[in-house]
Amino acid sequence: MAAPLGTGARAEETEQEKQDTPEKEPVPPERAEEAKLKAKYPNLGQKPGGSDFLMKRLQKGQKYFDSGDYNMAKAKMKNKQLPSVTGDHIPTPQDLPQRKSSLVTSKLAG
Amino acid sequence: MTEVKGAGGGNDIQWCFSQVKGAVDDDVAEADIISTVEFNHSGELLATGDKGGRVVIFQQEQENKTQSHSRGEYNVYSTFQSHEPEFDYLKSLEIEEKINKIRWLPQKNAAQFLLSTNDKTIKLWKISERDKRPEGYNLKEEDGRYRDPTTVTTLRVPVFRPMDLMVEASPRRIFANAHTYHINSISINSDYETYLSADDLRINLWHLEITDRSFNIVDIKPANMEELTEVITAAEFHPNSCNTFVYSSSKGTIRLCDMRASALCDRHSKLFEEPEDPSNRSFFSEIISSISDVKFSHSGRYMMTRDYLSVKIWDLNMENRPVETYQVHEYLRSKLCSLYENDCIFDKFECCWNGSDSIVMTGSYNNFFRMFDRNTKRDITLEASRENNKPRTVLKPRKVCASGKRKKDEISVDSLDFNKKILHTAWHPKENIIAVATTNNLYIFQDKMN
């Protein structure tokens with residue numbers, strides 16, 4: 001990453017690196033975290049900033065089967081939160097969390 | 001540069017709780033999540049937007065000459081539903097009503113104007129006061145019923161009589177259908193006639209009077225979407241030069257563009273980027289370098305960027321590195337794995353300058369927020385919490401213990417509540433008054449006046 005950071009933990013790490021022999025070099029915190037992540041998800045893509053990740057960002061938004069499905073979900077006033085569906089299949093009405101209408105005055109104005 | 005009363009270091013200012021707005025209960029309705037906070041140019045008005053598409057505007061009370069120990073309080077002035085949820089029929093996607101940004105226009109007449117935007121549509125709202133109404137119509141009773149014309153024997157001229165103040169908000173312009181992707185920024189030009197709106201891949205230039213046309217000034221969409229490597233994360237016009245604007249990217253770069261150079265500003269005039277140390281690169285490097293906010297200083301000489309762990313100040317004359325870097329919560333660097341798993345690593349924190357550009361502020365987790373004094377190089381961490389509710393009691397600085405033995409009054413990294421995020425903060429343009437938004441509450445702090 002960027003220029004020297006200078007705060008506590010990190011500065012200590014760099015100092016240690018100079019003193020220890022190459023075989024015993026301690027891992028910088030970011031790399032240690034990366035190793036943890038790779039251990040949990042070995043299939044994680046090589047390029048985190050690559051297309052898949054950005055595409056997901058561009059596509060943000062609740063997907064519905066069609067407009068009728070959307071209107072039915074909007075009409076329901078239940079609070080029940082159903083688990084959201086991730087992935088690229090088209091959700092069925094039962095899979096979607098219920099939406100609550102927001103035509104109530106904001107509590108900041110109360 | 002504006003003179004700010006009582007400006008000193010971030011530590012020299014004694015911050016006191018002033019007010020808190022919003023519900024007390026812990027069960028937060030999604031619609032109540034605050035999504036933007038903005039003072040107007042005089043600081044008299046403070047606007048908030050929420051996930052439910054509503055805008056609430058607070059107005060500062062006139063200063064009471066006898067109450068010299070505190071500045072006026074902010075009370076509700078107007079509230080209205082700015083955006084409603086919509087449905088994109090073509091893509092079967094919902095368009096959220098969440099207000100992403102509010103920007104005030106400078107006041108030109110008695111009415112106030114602001115721009116508010118959700119993911120797809122920008123609206124110009126007029127907020128006006130009505131304190132008189134016409135009375136004494138010939139054909140209508142006071143309650144609106146029509147009088148029998150045969151009973152009218154004399155004519156009178158209706159007159160305006162005072163009434164209780166009514167504040168009305170009406171949408172004057174709707175700027176729609178110009179963004180395929182999600183709008184992240186709007187910024188009003190210093191010419192006060194045009195403004196820009198930016199989404200993930202494009203930036204458009206609008207005239208405030210014209211809603212059926214906008215000019216595309218930046219387009220970074222690749223011909224083949226498979227080649228997409230970065231997106232636009234924020235954009236802002238220069239405060240003084242009406243031809244200059246900047247936009248930041250998910251890769252940690254900022255591009256400055258000059259609209260005089262060409263109609264389509266795909267080629268930047270300046271590229272601000274800090275060189276990366278390749279030996280420090282990790283899976284997280286790009287994600288944490290993504291810039292979540294960019295703000296010019298009031299002077300126009302500097303700009304500030306916020307990435308996941310730091311705030312950087314750039315001199316517009318120097319592209320190869322920032323002139324100042326402030327660590328917001330460096331202790332999170334060793335928690336990146338879990339922050340990636342719970343999505344917190346994608347949180348978009350904003351940042352702001354004080355009126356004299358001497359102090360910068362940004363939010364963090366656990367309802368902490370941080371201020372950095374550029375002159376003294378001192379920083380402070382404060383907490384927005386209802387426990388610090390006593391007006392005129394100076395807020396106690398907080399400290400996070402990164403590792404090792406935790407001192408009394410310190411909080412350890414593992415005890416931080418990552419659901420309590422302060423993403424939006426605003427600083428009054430002239431005074432030491434700040435507005436800090438927690439998830440669903442708005443806190444107002446002021447410096448202690450003697």
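User: Which residues do ring pairs link into a cluster with Tyr64(A)?

Analyst: Ring pairs link Tyr64(A) with Tyr70(A), Phe87(B) and Tyr89(B). Rings of Phe, Tyr and Trp (its six-membered ring) pair if their centres lie within 6.5 Å; planes under 30 degrees apart are stacked, over 60 edge-to-face, and the rest tilted. This is a predicted model, where local features need pLDDT of at least 70 and side-chain atom pairs pLDDT 80 or more, while totals for chains, interfaces and linings use all residues. Residues are numbered from 1 along each chain as its sequence is written, chains are lettered from A and ligands numbered from 1 in the order written, and side-chain values use heavy atoms, without hydrogens and water.

User: How many aromatic pairs over all chains?

Analyst: The count comes to 24. Among them is Phe39(B) with Tyr74(B), edge-to-face, at 6.0 Å centre to centre and 70° between the planes. Phe39(B) is in strand 2 (residues 34-39) of chain B and Tyr74(B) in strand 5 (residues 74-81) of chain B, so the pair ties together parts 35 residues apart in sequence. Strands are DSSP runs (E, at least two residues), numbered from the N terminus.

User: Are Phe39(B) and Tyr74(B) buried or exposed?

Analyst: Phe39(B) and Tyr74(B) are both buried. Buried means under 20% relative accessible area, exposed over 50%, and partly exposed in between (1.4 Å probe, protein chains only).

User: New topic. Where does Arg103(B) lie?

Analyst: Arg103(B) is in strand 8 (residues 101-104) of chain B. Arg103(B) has a relative accessible area of 12%, so it counts as buried.

User: What does the side chain of Arg103(B) make a polar contact with?

Analyst: It makes one with the side chain of Glu38(B), at 3.1 Å. A polar contact is a pair of N or O atoms within 3.5 Å; within protein, one must be able to donate a hydrogen and the other to accept it, and residues adjacent in sequence count only if both atoms are side-chain atoms. The backbone oxygen of Ile186(B) also lies 3.4 Å from a polar atom of the Arg103(B) side chain.

User: And strand 18 of chain B: how many of its residues are buried?

Analyst: Five of five, in residues 254-258. Ile254(B), Leu256(B) and Asp258(B) point one way, and Arg255(B) and Cys257(B) the other.

User: Which strands do bridges join to strand 18 of chain B?

Analyst: Five bridges join strand 17 (residues 244-249) of chain B to strand 18, antiparallel. Three bridges join strand 18 of chain B to strand 19 (residues 270-272) of chain B, also antiparallel. Two strands pair if DSSP finds at least two bridges between them.

Technical notes. Helices (H or I, at least four residues) and strands (E, at least two) are DSSP runs, numbered from the N terminus.
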